[in-house]
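Hello,

Here is the structure for your files. My notes on what turned up follow below it.

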Amino acid sequence: MRKIIPIGVTALTTAALLAGTALPAQARPAPVVPNPWDRRVKCTSTDDDGRKIVTRYGNSDFGWNHFTHRHNIKKCSILNAALKDKVDKNDGEGRLEYEGVAIRTGGRPAQVKFVVIVQYSRKTKDKKYDAGRGEKIGVINAFCRNQPHNKCPAWMNQ
């Protein structure tokens, strides 16, 4: 019995010392997420050349979560109106631009030009985001030209 007590005390002392050096749960650094963006598809369209173009939820940098808040485009039909036609600008490296026009009729008619930018490649130009094998990044931005802060008017979402 006398031999067991010193071994027990030593074990308890060692455990207490080791436990004291561990960081509390809230002080531990969060695991690093390399490319936090939502790859799920919100909208799909096909352009005049037969390209299947997706709009992914993305994040605050690009995709639906970027332009729906920053540029007030909240309907897939707005994107599809521009994407159904031919490409207006092509940089030859996967960046495509489609232009569209939204027209409001009625008591106060209005016309707004808008642009949809597509990254038609697996990765973004900065190689930060990857859509995966056989997939394309898709729509990265959409906005209205000649509007304050490139923000589209609310009537476009009705």
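The charged end of R51 lies over the ring of Y120, 5.8 Å from the ring centre. R40 does likewise with Y57: its charged end sits over that ring, 4.5 Å from the centre. The rule for a charge over a ring is NZ of Lys or CZ of Arg within 6 Å of the ring centre and within 35 degrees of the ring normal.

Some ground rules. This is a predicted model, where local features need pLDDT of at least 70 and side-chain atom pairs count only at pLDDT 80 or more, while totals for chains, interfaces and linings use all residues. Residues are numbered from 1 along each chain as its sequence is written, and side-chain values use heavy atoms, with hydrogens and water left out.

The fold: three helices and six strands, in the order α-β-β-α-α-β-β-β-β. Helices (H or I, at least four residues) and strands (E, at least two) are DSSP runs, numbered from the N terminus.

Next, the aromatic rings. There are four aromatic pairs. Rings of Phe, Tyr and Trp (its six-membered ring) pair if their centres lie within 6.5 Å; planes under 30 degrees apart are stacked, over 60 edge-to-face, the rest tilted. W37 and F62 make a tilted pair, 5.3 Å centre to centre with 45° between the planes. W37 is in the loop between α1 (4–21) and β1 (38–46), F62 in the loop between β2 (52–58) and α2, 25 residues apart. F62 also pairs with Y129, edge-to-face, at 4.8 Å and 65°. Y129 lies in the loop between β5 and β6, so this pair ties together parts 67 residues apart in sequence. W37, F62 and Y129 form one aromatic cluster.

W37 is buried at 11% relative accessible area, and F62 at 6%. Buried means under 20% relative accessible area, exposed over 50%, partly exposed in between (1.4 Å probe, protein chains only). Y129 is buried too. Buried residues make up 35% of the 158 in the protein.

Finally, the cores. A nonpolar core is a set of buried Ala, Val, Leu, Ile, Met, Phe, Trp, Tyr and Cys residues joined through side-chain atoms within 4.5 Å. The largest has 22 residues; L79, L83, Y98, F114, V116, V118 and M156 have the most contacts inside it. At least two of its residues come from each of α2 (64–70), α3 (76–83), β4 (95–104), β5 (110–119) and β6 (138–144). A second, separate core has nine residues, including F62, V115, Y129 and I140.

Best wishes
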